[in-house]
Amino acid sequence: MTPVGPRPRRGVLVAEVVALVVATIADTVLGVGKGSAPGVLGPLLTTLVPYLGTAVAVLAVLRRRFPDRVAVLGWSVIGFSLASTGAAWLIGGGAAAQPAATEVLGIALLAGAACRRLRPVAAGVLATAAGVAVVAAPVVRYGVDSPVALAAVPAALLWGTALAFGLVLRDADARHVATLERVREGERLQLARELHDLVAHHVSGIVVLAQAAHALAENPAVPDQDPVEVYREVEQAGAEALTSMRRLVGMLRSDPMPSLPGGTLGDAVRAATAGQADVDIPDELDVMAVPSDLSGTVHRIVLESMTNVRRHAPEATAVEVGVSLEEDDLVLDIRNDGVSGDRSGSGYGLVGMAERAAALGGALSAGPEPGRRWRTTARLPLRTEEGA
């Protein structure tokens with residue numbers, strides 16, 4: 001089981017590596033038997049060019065490992081290719097020129113990545129230079145009159161296709177970010193409502209205690225009653241209110257994870273399951289009073305998990321919610337069977353649950369298990385009302 005978040009598309013990566021390896025092998029095979037290019041630099045160029053394809057392939061794959069270095073990788077590959085093309089033109093490579101299939105494929109991949117990740121102007125400049133490099137490689141190296149120069153046409157098509165895919169992925173990323181912002185805005189609005197309820201709850205208690213202290217101070221029937229104890233309760237209630245408010249506002253300022261007021265831990269869990277799951281909570285945890293932000297987070301995680309069960313496992317026959325204590329952490333474990341289809345673990349509900357757990361200093365993981373089962377585990381620092 002892994003932390004919640006987008007998973008890499010391994011199939012795409014494998015296909016990409018295979019294509020680059022095949023292109024490199026093809027370049028090597030086609031380059032075998034070619035004579036040395038003429039001129040003083042001919043033997044050196046003939047020796048070094050076959051290794052250029054391998055270097056380009058490696059740099060193209062590295063863009064996935066270093067997405068923030070796409071510009072550097074792209075310009076490096078384009079520079080290598082243009083330098084090799086220029087050297088071949090200077091010494092008149094012709095029939096002795098080395099194939100450039102790997103270069104063209106690697107440049108196309110990096111150009112597409114640039115269109116996805118770079119700013120518009122930077123992406124446009126790099127994409128234009130990439131187009132020049134992929135078209136110039138077969139034309140300049142082999143000469144306009146050579147049939148091999150016609151390879152510029154599929155190279156240009158490959159370049160254009162890569163740009164199109166990059167732009168489509170760029171649009172998809174923008175839509176994903178916009179959707180997350182809408183989800184987070186909804187969380188902020190929910191948090192604002194819950195913050196109002198929390199403040200009203202604590203302030204009402206403070207007002208009642210203050211009124212009690214005032215009544216004791218003015219009641220002649222109890223002249224010996226010392227209201228200091230009541231003042232201490234007022235002070236404690238005020239401190240708890242400030243602590244909870246700071247925590248909730250901290251969530252609002254970063255990535256909001258709203259909470260629901262009060263109750264025991266068992267009440268929060270059972271209210272979220274609505275009788276649709278088998279709940280296993282030790283007695284000491286069942287009746288434990290916990291801070292409102294913690295009980296609210298537990299409630300919302302269980303509630304979202306039950307929603308996911310109805311959505312992704314309509315044929316579920318066993319839904320189990322377990323609560324346990326490990327050291328100083330509260331562990332919430334939700335399991336179900338009957339999972340249908342493919343769940344990648346990148347839904348917005350799981351993202352929200354992970355953010356709720358992280359806001360309290362905890363963590364959440366979710367993933368499939370054998371037998372069409374799904375498991376969600378949240379680990380949250382435990383704080384009781386007395387220890388809040």
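The protein exposes about 20400 Å² of surface, of which carbon and sulfur atoms supply 63%; accessible areas come from the Shrake-Rupley method with a 1.4 Å probe, and for residues only the protein chains shown count as cover. The model is predicted, so local features need pLDDT of at least 70 and side-chain atom pairs count only at pLDDT 80 or more, while totals for chains, interfaces and linings use all residues. Residues are numbered from 1 along each chain as its sequence is written, and side-chain values use heavy atoms, with hydrogens and water left out.

Of the 388 residues, 40% count as buried (under 20% relative accessible area; exposed is over 50%, partly exposed in between). The protein has eleven helices and six strands, which are DSSP runs numbered from the N terminus (helices H or I, at least four residues; strands E, at least two). Among contacts (heavy atoms within 4.5 Å) with a separation of 6 or more, 77% join residues 24 or more positions apart.

Helix H10 spans residues 292-312 and is largely enclosed by the rest of the structure, because 15 of its 21 residues are buried. Leucine 332 touches, among others beyond four places in sequence, Val298, Ile301, Val302 and Thr376.

Valine 339 lies in the loop between strand E4 (329-336) and helix H11 (348-359). At 10% relative accessibility, valine 339 counts as buried. Its contacts beyond four places in sequence are His312, Ala313, Arg372, Arg373 and Trp374. Although valine 339 and arginine 373 are 34 residues apart along the chain, their C-alpha atoms are separated by 5.8 Å.

Leucine 13 belongs to helix H1 (residues 10-31) and, at 31% relative accessibility, counts as partly exposed.

Terms used
Buried means under 20% relative accessible area, exposed over 50%, partly exposed in between (1.4 Å probe, protein chains only). The expected span of a helix is 1.5 Å times one less than its number of residues.
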